[in-house]
Amino acid sequence: MLEALTLIEPLRPRLVAPAHGPLLRDQPMDYIRRYRELSSPRLRSELTQGEKSLLIFYISAYGSTARMAEEIRHGAEEITGVRASLFDLQGGETAPFIDLVEDADGLMFGSPTINGDAAKPIWDLLSSLCSIKTQGKLGAAFGSYGWTGEAIDMIDARMRGLKMRVPQAGLKIKLIPNDDELSDCRAFGRSVGEHLTGAKAGRVIDFAALG
């Protein structure tokens with residue numbers, strides 16, 4: 001019905017008559033404008049032409065993974081054409097991010113390793129991605145750890161299971177990152193940004209050379 005009204009918008013319709021629900025008689029054009037706003041990709045509307053969006057989701061137990069996330073964002077935004085955004089999953093609610101994820105070009109997930117696993121909010125978000133198209137989106141993982149850092153490899157594997165492009169192994173840093181390791185985080189962000197924009201070509205494997 002709203003699509004039909006779009007065709008006759010110059011006639012200034014006097015009401016909106018949906019298949020279900022009440023008739024909307026009071027300023028129907030306001031409803032039509034709102035419908036268009038809600039049905040348009042929010043993230044895309046904020047990007048300039050040719051700009052790529054990178055969403056960085058993280059959860060941090062003691063602040064180390066959060067520091068990594070900040071440096072990674074700075075590094076990614078050093079690449080022309082990348083807009084990176086940070087999202088702290090501390091509150092545990094992931095549903096509000098689904099629409100943003102669907103429209104993003106690249107996704108990064110940061111988590112500490114807790115009891116040999118990634119933190120629950122990260123898994124909740126990754127699990128919710130089954131309902132949207134993630135095939136072909138660029139993905140990367142990072143996080144701080146105290147022992148063996150299994151969370152990063154698990155996130156990498158999950159992203160590959162979602163048919164995402166994961167061109168490089170996740171970044172692991174033991175305990176609190178020092179200045180050199182924070183520089184590594186910034187370099188990791190730059191590398192992700194280069195993959196996202198196509199500035200860094202994918203690695204070509206010469207099978208003949210493997211003997």
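Author: The buried residues of helix 8 are L182, C185, F188, G189, S191, V192, G193, H195 and L196. Here buried means under 20% relative accessible area, exposed means over 50%, and partly exposed lies in between (1.4 Å probe, protein chains only). Helices (H or I, at least four residues) and strands (E, at least two) are DSSP runs, numbered from the N terminus. The model is predicted, so local features need pLDDT of at least 70 and side-chain atom pairs count only at pLDDT 80 or more, while totals for chains, interfaces and linings use all residues. Residues are numbered from 1 along each chain as its sequence is written, and side-chain values use heavy atoms, with hydrogens and water left out.

Helix 8 covers residues 179-197, which is 19 residues. From its first C-alpha to its last it reaches 27 Å, close to the 27 Å expected at 1.5 Å a residue; the expected span is 1.5 Å times one less than the number of residues. Just after the helix, G198 takes a positive phi of about 85 degrees.

The segment after helix 8 also holds K200. K200 has a relative accessible area of 32% and is therefore partly exposed. Apart from its neighbours within four places in sequence, K200 is in contact with S191, E194 and H195, where contact means heavy atoms within 4.5 Å.

What do the buried residues of helix 8 pack against? They pack against strand 1 (52-58), helix 4 (64-76), strand 2 (82-88), strand 3 (106-110), strand 4 (138-145) and strand 5 (171-174). Helix 4 deserves a look of its own. With 13 residues, helix 4 reaches 19 Å from its first C-alpha to its last, close to the 18 Å expected at 1.5 Å a residue. Its buried residues are S64, T65, A66, M68, A69, E71, I72, G75 and A76. The elements that cover them include strands 1, 2, 3, 4 and 5 as well as helix 8.

The largest pocket has a volume of about 290 Å³. Of its 17 lining residues, Y62, P112, T113, Y145 and G146 are the closest to its centre. On a 1 Å grid over the protein atoms alone, a pocket is an open set of points where a 1.4 Å probe fits, with protein on both sides within 12 Å along at least five of seven lines, and lining residues have an atom within 4 Å of a point. Grid points are joined across faces, edges and corners, and the volume is the space filled by probe spheres set on the points. Helix 4 and strand 4 each supply at least two residues of this lining. By class, the lining has eight nonpolar, eight polar and one charged residues; Ala, Val, Leu, Ile, Met, Phe, Trp, Tyr, Cys and Pro count as nonpolar, Asp, Glu, Lys and Arg as charged, and the others, Gly among them, as polar.

T113 is found in the loop between strand 3 and helix 6. Its relative accessible area is 19%, so T113 is buried. The side chain of T113 reaches the backbone nitrogen of A151 at 3.2 Å. Leaving aside neighbours within four places in sequence, T113 is in contact with S144, Y145, G149, E150 and A151. The loop between strand 3 and helix 6 (120-128) also contains N115, which counts as exposed because its relative accessibility is 81%. N115 has a positive phi of about 55 degrees although it is not a glycine. L175, in the loop between strand 5 and helix 8, also is not a glycine and has a positive phi of about 60 degrees. Most residues other than glycine have a negative phi.

Finally, the whole chain provides the setting. It comes to eight helices and five strands, running α-α-α-β-α-β-α-β-α-β-α-β-α from the N terminus on. Buried residues make up 42% of its 211 residues. Among contacts between residues at least 6 apart in sequence, 74% join residues at least 24 apart.

Definitions and conventions: A polar contact is a pair of N or O atoms within 3.5 Å; within protein, one must be able to donate a hydrogen and the other to accept it, and residues adjacent in sequence count only if both atoms are side-chain atoms.
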